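Please read the following report beside the sequence and the three-dimensional view. It begins with charged side chains and then turns to the core, a helix pair and the strands.

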Amino acid sequence: MPRPQHRLSWNDPATRALVYQVLALALVGASIWFLVHNTLHNLSMRNIATGFGFLNREAGFAIGESVIAYGPADTYGRAIAVGVLNTLRVGLIALVAATVLGVLIGVGRLSKNWLVAKITSVYVEVMRNVPLLLQLFFWYALITENMPGPRQAHNPLPGVFISNRGLKVPGLEGASLDWMLAGLALAVVAILILGHWGTKRQESTGRVFPLGRAAIGLLIVLPVLGWAASGASLTLDMPELKGFNFVGGLTLSPEFVALFLGLTVYTSAFIAEVVRSGIQAVNNGQWEAAGSLGLPRRKVLRLVVLPQALRVIIPPMTSQYLNLLKNSSLAVAIGYPDIVSVVNTTLNQTGQAIEGILIIMGAYLTVSLSISIFMNWYNKRIALVER
């Protein structure tokens with residue numbers, strides 16, 4: 001039998017949908033063409049060069065703090081790399097700290113202790129309802145305006161000094177430092193492998209592997225072995241007051257500390273609510289069943305409830321991680337040299353505004369997508385598998 005020929009008709013929903021999609025695509029394409037053509041025309045009328053060739057030119061400006069070696073004689077490309085690394089440094093450290101603090105506060109909100117529950121509840125309501133920019137100004141003013149000078153710096157611990165110049169802590173120097181860091185990285189990898197093996201072992205035999213004690217041992221033993229293998233050439237650099245400021249040790253600038261505290265405190269309040277809602281999503285029967293086996297409430301939370309709550313916690317937690325990273329762009333308000341601050345200086349000197357904005361967008365997009373991919377992979381890994 002010959003197939004009936006399909007006739008195009010405006011009364012056919014598929015035909016109308018195809019026409020609408022073609023028109024929408026044409027409109028978007030025409031808008032993009034107009035914006036690009038208009039931008040290139042205006043740039044050529046003002047004799048403004050386009051492209052990323054400026055990245056190889058000498059920057060000519062200093063950056064207050066840097067993870068890698070940098071000087072004014074270096075290129076704009078290296079300056080932007082410094083900004084990216086500064087953003088990643090404060091973002092990743094604040095991400096870990098906000099996660100730990102948020103989990104503790106979220107669990108505290110469900111505590112049967114009335115005082116703990118109320119204090120954590122007040123913390124959440126206050127911190128997440130005060131704008132982050134205002135919190136950054138508060139922490140920055142607290143450090144720079146209310147802390148004493150270096151000569152009267154607070155000394156809570158030996159070698160630790162808190163002043164309006166920032167936080168000074170002891171530092172490690174020597175050829176063994178790289179070996180110790182390599183040992184630390186190897187210990188982390190070994191812990192992850194042991195954790196995976198311990199989970200499989202528990203599922204097959206029911207025996208719990210003491211991962212906590214093994215992790216502590218690896219974190220101590222492997223860096224010590226790296227230190228011994230490299231010749232034990234490591235010294236402790238203690239900060240000392242000389243003249244009007246400290247010398248030696250490691251310095252955490254007031255801008256870094258204020259940004260770290262602001263991002264951590266603000267984001268931890270949202271993470272706490274995510275954790276609280278995830279725990280409450282687990283059926284109360286799980287608490288009762290685990291309690292009937294004689295498990296204390298602490299172990300019930302760690303071994304029974306939290307593993308199930310993770311399936312609810314991870315998706316909104318991903319959003320909070322992305323918010324923390326993007327909120328780090330407010331660092332420019334307190335003078336921390338992040339990617340936004342460095343690129344702003346670059347485009348003010350070169351006039352390459354469009355390229356500068358594209359670099360900022362590309363940097364944040366790359367890091368955000370990386371976090372999303374990892375969190376989606378982890379969420380899929382812990383998801384329930386339906387048979």
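## Salt bridges

In this predicted model, Arg109, Glu125, Arg128, Glu273 and Arg276 are linked in a network of salt bridges, a salt bridge being a side-chain nitrogen of Lys or Arg within 4 Å of a carboxyl oxygen of Asp or Glu. Because the model is predicted, local features need pLDDT of at least 70 and side-chain atom pairs count only at pLDDT 80 or more, whereas totals for chains, interfaces and linings use all residues. Residues are numbered from 1 along each chain as its sequence is written, and side-chain values use heavy atoms, with hydrogens and water left out.

A search of the whole structure finds six salt bridges, among them the pairs in this table.

| Glu65 | Arg89 | 2.7 Å |

Glu273 is buried at a relative accessible area of 12%, while Arg128, at 29%, counts as partly exposed (buried means under 20% relative accessible area, exposed over 50% and partly exposed in between, with a 1.4 Å probe and protein chains only).

The salt bridge of Glu65 with Arg89 joins the loop between helix 1 (13-45) and helix 2 to helix 2 itself, across 24 residues. Glu65 is buried, with a relative accessible area of 15%, and Arg89 is partly exposed, with 26%.

## The nonpolar core

The largest nonpolar core has 63 residues, and those with the most contacts inside it are Phe61, Leu259 and Ile339; such a core is a set of buried Ala, Val, Leu, Ile, Met, Phe, Trp, Tyr and Cys residues joined through side-chain atoms within 4.5 Å. The elements that give two or more residues to this core include helix 2 (76-109), helix 7 (254-280), helix 9 (297-327) and helix 11 (353-382), and the largest share, 13 residues, comes from helix 7. In soluble globular proteins, nonpolar side chains tend to be buried together.

Leaving aside neighbours within four places in sequence, Phe61 is in contact (heavy atoms within 4.5 Å) with Tyr70, Pro72, Tyr76, Ala79, Val342, Thr345, Thr346 and Gln349.

## Helix 9 and helix 11

Helix 9 and helix 11 pack at an angle of about 170°, with their axes 10 Å apart, where axes are lines fitted to C-alpha atoms over the stretch in contact and angles run from 0 to 180 degrees between N-to-C directions. That makes helix 9 roughly antiparallel to helix 11, since angles over 145 degrees count as roughly antiparallel, those under 35 as roughly parallel, those from 65 to 115 as roughly perpendicular and the rest as oblique. Among the residues making the contact are Leu310, Ile314 and Tyr321 of helix 9 and Tyr364, Val367 and Ile371 of helix 11.

## The strands

Strand 1 (residues 154-157) and strand 2 (residues 160-163) run antiparallel and are joined by two bridges, strands being paired if DSSP finds at least two bridges between them. Leu157 has Val160 of strand 2 as its bridge partner, and Gly159, in the turn of this two-residue hairpin, has a positive phi of about 85°. Strand 2 also pairs with strand 3 (residues 166-169) in the antiparallel sense, over three bridges, and Ser163 stands opposite Gly166 in strand 3.

Terms used. Helices (H or I, at least four residues) and strands (E, at least two) are DSSP runs, numbered from the N terminus.
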